[in-house]
Amino acid sequence: MAGRAEASVEAVFREERGLLLAALVRRFGDLDLAEEVTSEAIEAALVRWPAEGVPPNPGAWLMTTARRKAVDRLRRDQAYAARLAVLQVEAERAAPAPPSDDGGLPDERLQLFFTCAHPALPAEDRAALTLRCLAGLTTSEVARAFLVPSATMGKRIVRAKSRIRTLRIPFRVPDAAELPGRLPGVLQVLYSIFTEGYAASSGPDLQRLDLAEEAIRLARILRRLLPGEREVAGLLALMLLIHARHDARTGPDGDLVLLDDQDRARWDRPLIDEGAALVVVALTGGPPGWYGVQAAIAALHDEAADVASTDWPQIVALYDVLRGLAPSPVVELNRAVAVAMRDGPAAGLALLEGLAEEPRLRAYSPFPAARGDLLSRLGRLEEAAVAYREALELAGTEPERVHLRGRLAQVAEVCGER
């Protein structure tokens, strides 16, 4: 009985925590206080609900409990209360709290998204604060996500909160004029969390599915909060279409399986269908955005029966659109690989050779790995071996290194037979 009650509390906590935290930040104007009393309310629920049962409106119960604990704390510390009163007045002037239509908690998580991803915060702090506040991860869990000690991450989160207080960053949604400039920062934070989950930068595992799924959950929330923003739809589509392949990306031992060799029957078709529908939303009604175009490329991969039947001319054309939206060496690398599939390895290799002096690609393992693959397809095996060794030195995860060692062994064996 107690086990079921605790599981129920955990489910409620995950669903309600972001709503509760955002509402308390709006009410009291202080992130630290809101986090502390949110945790205390959850602890109180863990004590009372197993005996009394989960209340009909758990969010309202948690809010009432947390608010009482906050008031008690402020009564004990008058100086703290006075400072918060000033912050609260400023916050209300910036953006009055919206009413709740159903008597429950108003969904004020959107302001928390924009606060955590505020441009005044360092990029690394934005992702950490988003995971801590909106995803509800503990400091230790956030530290594991970034592969840093808990103490280091604790200091980083404290620094971010202090900066919010010092700069008096408002807890509010940007107005219509500000939104186009601020929304990309929020999307970038979620995309960074997802990419670290989809392709870990280091460690023993290729994928961090917990992070990828948390990024998708947050993107779904953002999509509900901003249904009219096409790039939000594009980001969610991109995540779903890529995540749909996760089960086929590794073998039984966790080894990397490239797109060419994946069993497409293991791809998640409902996720692909949902992502493809969102691509239509993202690309309809105005100029295409970066995430929408990326999602369209992912959809072409997911909808093809195999690599040979993939619409490579259309993928190259979409990469041309991306070049105009946000040119980067990584876009050029991916376009070169697509050109190789459309026009042959020599054409793709010529484009890669033109990128050899790009500083961002010199320490980027996929670049020499792509060169190795194209050189191997052209029969230039000694050069391919050099490229694979370079990629091996740069690879961040063990599954990548295992894959590259296998490629290197293959070309070395053929070279030895000559």
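In this predicted model, serine 140 sits in helix α7, which spans residues 139-146. Its relative accessibility is 33%. Serine 140 therefore counts as partly exposed, since that class lies between the 20% and 50% limits. The side chain of serine 140 makes a polar contact with the side chain of serine 150, at 3.4 Å. Serine 140 can also be placed relative to methionine 153. These two residues are 13 residues apart along the chain, and their C-alpha atoms are separated by 7.7 Å.

Helix α8 covers residues 150-167 and includes arginine 156. Is arginine 156 buried or exposed? The relative accessible area of arginine 156 is 12%. Buried means under 20%, so arginine 156 is buried. Neighbours within four places in sequence are left aside in the contacts that follow. Arginine 156 then touches Glu124, Asp125, Ala128, Phe146 and Val148.

A helix pair comes next. Two packed helices are described by the angle between their axes and the distance between the axes. Helix α12 runs over residues 269-282, and helix α13 over residues 290-303. They pack at an angle of about 140°, and their axes are 9 Å apart. Angles over 145 degrees would count as roughly antiparallel. The two helices are therefore oblique to each other. Their crossing is left-handed. On the α12 side, the contact is made by Arg269, Ile272, Ala276, Val279 and Ala282. On the α13 side, Gly292, Ala295, Ala296, Ala299, Asp302 and Glu303 take part. Seven residues of this contact are nonpolar, one is polar and three are charged.

Terms used: Residues are numbered from 1 along each chain as its sequence is written. This is a predicted model: local features need pLDDT of at least 70, side-chain atom pairs count only at pLDDT 80 or more; totals for chains, interfaces and linings use all residues. Side-chain values use heavy atoms; hydrogens and water are left out. Axes are lines fitted to C-alpha atoms, for helices over the stretch in contact, and angles run from 0 to 180 degrees between N-to-C directions. Helices (H or I, at least four residues) and strands (E, at least two) are DSSP runs, numbered from the N terminus. Angles under 35 degrees count as roughly parallel, over 145 as roughly antiparallel, 65 to 115 as roughly perpendicular and the rest as oblique. A crossing is left-handed if the near helix is turned anticlockwise from the far one by less than a right angle, and right-handed if clockwise. Contact means heavy atoms within 4.5 Å. Ala, Val, Leu, Ile, Met, Phe, Trp, Tyr, Cys and Pro count as nonpolar, Asp, Glu, Lys and Arg as charged, and the others, Gly among them, as polar. Buried means under 20% relative accessible area, exposed over 50%, partly exposed in between (1.4 Å probe, protein chains only). A polar contact is a pair of N or O atoms within 3.5 Å; within protein, one must be able to donate a hydrogen and the other to accept it, and residues adjacent in sequence count only if both atoms are side-chain atoms.
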